[in-house]
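Here is a short briefing to read with the structure open beside you.

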Amino acid sequence: MADFDVDLFVIGAGSGGTRAARIAAGHGARVMIAEEDRIGGTCVIRGCVPKKLFVYASRFAEDFEDAAGFGWTVPEPSFDWPTLREAVGAEVTRLSGLYRKGLEGAKVAIREERAVIEGPHAVRLLKSGESVRARHILVATGGYPAFDPPIPGGELGISSNEVFHLPSLPKRMLVVGGGYIALEFASVFARLGVAVTLLHRGDNILRGFDEDLRTRLRDALEHAGITLRLGCTVDRIEQLPDGCRRAHCAKGDPIDAEVILVATGRRPNTVGLGLEEVGVKLGPVGQVMVDEASASSVPSIHAVGDVTNRVNLTPVAIREGHAFSDSTFGGKPWAVNHGLIASAVFTTPEIGTVGLTENQAAAAGYELRVFESEFRPMKATISGRRERIYMKLVVDAKTDRMLGVHILGHDAGEIIQAVAIAVTMGATKADFDRTVALHPSAAEELVTMRTARKG
């Protein structure tokens, strides 16, 4: 048997890669991990963590306004972009340090440089020239923002990677895209006082989510002052003499903005890794094709996280990495169930969802009972804000099993996490009905809906 320098070489120190490395090391494996950027990956460095902090910052605008209805006298608030930007940057640095500390504590060897695959068991580090022979190789390189399709002048736009580091807060921003990343940043910057236009080629936002959530969120974003240009694409972007950008659209007037954020999708980060050269099969968007055990077409090479384009969520990458290391080094084989995963969209209002949408359930052949409720939250009755919460339960009429739960409103993400436990366990509508409501709360509506929607 050939000698190996390490039992596991991980390419990419994001959430999935670091979890796999630590678990494998805990099982006694010799592990090395390579990262060409900062340790922590997309989520920690340029994704969900800094974005959620931006979301919190943006919601203070309405909190200050609402306080007056509850008897508070609040001086005219002002917002300072550099303060937020630097505070978020400091927190990202702190978390990256914790990721490093976790790897070092697990005795994982860290290489801060790009790694490429040169054989089923061979990795080369480009900066140092070091070659490493590994019994197993794990690809956990995540994804990258894609300007898709490319347009003339597209280099004048920025991606979600750069949006956290803007030198100043723009007065006008154009956001191109209709997915959750585009919508979250449009929502954030609108509440920070930026005039935001959102342009999307589809006729509605958030493709793949429940239709009732999509429509209500679209209306809420418009009410928040975001200008929506749906069914439209950008033909080209040009630089104006005053420093602004102008987006020429396929229809309608051009849009001028200091910042154009392009959030039209992400692609698996597999370019230049040497995967195809060693026989690893890639999919149509460059993803590593893997089986349920995260194994590629080359037995010694596995992949987890966004680079596989299965379910592109941080907690999924973490579980995939954990399952791989337990199965490969711990003698405890298990696989991630990708069929039932809760998710949230941190717009304002936010979305929390788990399970099938109504359309998905109907297409799968289920006979359905649908329960829904829309109401004004208690806080809004005194603040005077025009705010609504919407909840929807999708139930299998034959078995009474809960197929999907969908929420739009304050703390929807927090609520859906608890609900996902019940849905994952196979809860029925009767289980929800016999659960005593917690009053007064918005979440109690989930267990008090009794009449199914007609038609």
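Two strands count as paired if DSSP finds at least two bridges between them. With that in mind, note that this is a predicted model. Within it, Gly355 has Gly404, in strand S21, as its bridge partner.

- Strand S18 (residues 351-355) and strand S21 (residues 402-408) run antiparallel to each other and share 5 bridges.
- Both belong to an open sheet of 5 strands, ordered S17-S18-S21-S20-S19 and paired in the antiparallel sense.
- The edges are strand S17 (343-345) and strand S19 (368-375), each of which pairs on one side only.
- From one strand to the next, the twist averages 10°.
- Helix H10 (residues 412-424) packs on this sheet and touches S17, S18 and S21. The direction of helix H10 makes about 10° with that of S18.

**A glutamate in the loop**

- Setting aside neighbours within four places in sequence, the contacts of Glu350 include Arg59, Val345, Ile407 and Leu408.
- Glu350 is also in contact with Gly409, Asp411, Ala412, Gly413 and Glu414.

**The nonpolar surface patch**

- Which residues form the nonpolar patch on the surface? They are Tyr56, Phe60, Phe64, Phe70, Trp72, Val74 and Ile382, and together they have about 750 Å² of accessible area.
- Helix H3 (residues 48-67) gives the most to this patch, with 3 residues.
- Phe60 lies in helix H3. Phe60 has a relative accessible area of 46%, so this residue is partly exposed.

**Salt bridges**

- How many salt bridges does the structure hold? There are 34 salt bridges.
- One of them joins Glu65 and Arg385, whose closest N and O atoms are 2.7 Å apart.
- Glu65 lies in helix H3, while Arg385 sits in the loop between helix H9 (378-383) and strand S20 (389-396), so this pair ties together parts that are 320 residues apart in sequence.
- The two partners fall into separate accessibility classes: Glu65 is exposed, with a relative accessible area of 53%, whereas Arg385 counts as buried at 18%.
- Asp212 and Arg216 meet through their side chains in another salt bridge, at 3.4 Å from N to O.
- Asp212 and Arg216 both lie in helix H6 (residues 211-223), 4 residues apart, or about one turn of the helix. Arg216 counts as partly exposed, because its relative accessibility is 23%.
- Asp431 and Arg434 form a salt bridge too, with the closest N and O atoms 2.5 Å apart. Asp431 is partly exposed at 22% relative accessible area, and Arg434 is exposed at 62%.
- Salt bridges that share partners join Asp210, Asp212, Arg216, Glu358, Glu372, Glu374, Lys392 and Arg453 into one network.

Notes
Residues numbered from 1 in each chain as written. Predicted model: local features only at pLDDT ≥ 70, side-chain atom pairs only at ≥ 80, totals over all residues. Heavy atoms only, no water. Helix = DSSP H or I, 4+ residues; strand = E, 2+ residues; numbered from the N terminus. Axes fitted to C-alpha atoms, helices over the stretch in contact; angles between N-to-C directions. Contact = heavy atoms within 4.5 Å. Patch = residues over 30% accessible without salt bridge, like charges linked within 9 Å, V, L, I, M, F, W, Y side chains within 5 Å. Areas by Shrake-Rupley, 256 points an atom, 1.4 Å probe, with all protein chains shown as cover. Salt bridge = Lys/Arg side-chain N within 4 Å of Asp/Glu carboxyl O. Buried < 20%, exposed > 50% of the residue type's maximum accessible area, 1.4 Å probe, protein only.
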